[in-house]
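Have the sequence and the 3D view ready.

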Amino acid sequence: MMTLEVRGDRDTPATDLGYLLHKHPDRMQTFDTSQGTARVFYPGAGVHECRVALHVDGEGVRSRDETERHVSTIPYAASSRFVVAIGKVFGDALAGRCARPELVEHSWPIAITVPSVPIGGQVGPDELFTPLGWRVEVSRQPLRPAGWGDSPYAGVSLQGRHTVRDALRHLCVLLPVIADDKHYFVDELEIDKLERLGDGWLSTHPHRDRIISGYVKRVRPLVDLAVDRLTGSDPTDADPTDADPTGPGTADQRGAETPGTARQAGSAVAARRESLARRRLDAVVESVRAAHGRSVLDLGCGEGRLLAALAADGTHTRLAGVDVSVAALNRAAERFGRRRDVALWQSSLMYADFRCRGFDVAVLMEVIEHIDQTRLPVAVASVFDGMAPGTVVVTTPNREHNSRYGLGDDEFRHPDHRFEFTRAEFARWCDDVAAEYRYTVALGEIGDPDAEVGAPTQSAVFTRIDEESR
C-alpha cells in the first residue's frame with residue numbers, strides 16, 4: 001500500500017490531484033493488474049489537503065498450491081511488483097498526460113508513505129531520495145519475538161516539493177533498486193523505460209551508476225548500454241562493483257566469469273555478447289531482406305527501431321509502422337523527423353484497417369505474446385487474411401528458456417505478456433496458421449541456443465503459397 005498527500009494553495013486546490021491521477025476523489029476505483037486487484041481511494045479530499053491511497057491485494061502473486069502452508073511476504077512489500085501496479089493504475093500521471101496540462105508542471109508539497117519496503121539493495125532510501133530533495137524517514141520493522149533484531153523490511157516516508165509526475169517516477173525507479181528486486185526478465189526495453197522515468201533527474205544523481213546497475217539487475221552488458229545511453233559517457237566509467245557479472249542475472253545475459261574480475265570480465269561480456277534485442281532486430285532485418293519485398297509494414301512498431309534499421313538499408317520503397325500507443329508513435333515520429341518515406345499510424349490488429357493492405361512484408365516482432373490467446377485468432381485473421389502480405393515475419397519468446405533467466409513455470413518475461421509459447425506450441429500454432437491461410441512456414445531461433453531448452457527467442461517466416469510460385 002502507498003499513500004500520497006498534497007497540500008493545495010489559493011490558486012490550486014488540493015483536490016486537483018484527481019485530475020492528475022485520472023481518479024475521482026469521490027469514489028473508489030478498482031483495477032485488475034498482473035499483481036492482483038488494485039484499489040484507489042481517497043481517505044481525505046479537501047481544498048487544503050488531499051490524500052490518495054493505492055492498495056494492491058497481491059492475489060496475482062500468491063502460490064497456486066492451496067496446500068502450501070508458509071506465508072509469503074511478496075504480496076505485502078512494495079518492490080518491483082508494486083511498481084508494476086503503479087504503472088498500470090497511474091500510467092497517465094507517469095507520462096504527464098492530463099486534461100489540464102498546467103497541473104502537470106505544478107510543484108506541490110507532497111508527503112508519501114510506503115509502509116513496507118524490502119531493504120536489500122546496496123543503496124538505502126536516504127542515499128537515493130535525499131539528493132532529489134526529499135526528507136526521508138526510515139522505520140525498520142522489528143521481528144517478533146523481541147531479541148531477533150530488525151526485519152529486512154522498513155516503512156519509508158518522504159516529504160518534499162515536487163510535481164506529482166516526478167514523485168511517481170522517483171518511486172518507480174528507486175523502489176526496485178532499494179529492494180534489489182526485479183521479478184521479471186530484463187532487456188533493452190528496461191533501458192527505454194529507465195530513460196523515460198529518469199528524464200530530468202537521473203543523469204545528475206550522485207548515485208546514478210548504482211541506480212542504473214540495480215535497475216537492470218547488474219547485468220553488465222545492459223549496465224554498459226544504459227550508462228552510455230542515459231549519460232553519453234564511456235560505459236567503462238561505471239563502478240564495476242555495481243555491475244559484477246556474477247550478480248543477479250542469467251547465464252545468457254552475463255556469461256560465466258568469476259568474482260574479482262568485474263571490470264575486465266564485464267567488458268569482455270559486453271564485447272562478446274550482443275544484446276538479445278539487437279540480435280533479434282538484425283535477424284528480422286535479414287528475414288525481410290531475404291523476402292525481397294519492397295514495401296514493409298511493422299505491426300507493433302513501438303518507437304520505430306526496426307523501421308529505422310530498414311530505412312537505413314535503403315532497399316525499401318515503402319515503410320510503415322502501426323501501434324496502439326500514441327506515446328510510442330510520438331517517440332517514433334521524433335526519431336524520423338521530417339522524413340516522408342516512413343508512415344506511422346495508430347491502429348489495432350483487432351480491427352480491419354485498409355491502410356495496412358498491399359504490403360509485401362509484414363512483421364510481428366515480439367507482438368503476439370501481448371495479445372490474449374482468446375483474441376489471437378482475430379489478430380491472425382486481420383494479418384493473414386485482411387492484409388494478406390506475401391511474407392509475414394514473427395518473433396516471440398521461447399517459454400522453455402525462461403528457466404535460464406531464473407523465472408518460475410508460472411512467470412513470464414514481461415508483466416504485459418498474456419502468454420508465452422513453448423517450442424512445440426509455437427510450431428503447432430505456426431502449422432495451423434499456415435494451413436488455414438495458405439502459407440508455408442520456416443521456423444528459426446534467435447540468441448544463444450541451449451541444448452535442453454533452446455534459444456531465448458523463436459521465429460517464423462510465413463510465405464504465401466501464390467508468392468512462392470512466382
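Helices (H or I, at least four residues) and strands (E, at least two) are DSSP runs, numbered from the N terminus. This is a predicted model, where local features need pLDDT of at least 70 and side-chain atom pairs count only at pLDDT 80 or more, while totals for chains, interfaces and linings use all residues. Residues are numbered from 1 along each chain as its sequence is written, and side-chain values use heavy atoms, leaving out hydrogens and water.

How exposed is Ala388? With 28% relative accessibility, Ala388 counts as partly exposed, a class lying between buried (under 20% relative accessible area) and exposed (over 50%), using a 1.4 Å probe and protein chains only. Setting aside residues up to four places away in sequence, Ala388 touches Val383, Tyr439 and Arg464; contact means heavy atoms within 4.5 Å. Val361 is 27 residues from Ala388 along the chain, and their C-alpha atoms are separated by 9.2 Å.

Now turn to helix H8 (residues 208-215), which is largely enclosed by the rest of the structure because six of its eight residues are buried. These are Asp209, Ile211, Ile212, Ser213, Gly214 and Tyr215. After H8 comes Lys217, with a positive phi near 60 degrees.

Finally, a look at confidence: pLDDT, the predictor's confidence in each residue, runs from 0 to 100. The protein chain has a mean pLDDT of 82, with 84% of its residues at 70 or more. Over residues 61-71, however, pLDDT is below 50. Where pLDDT is low, the predicted coordinates should not be read in detail.
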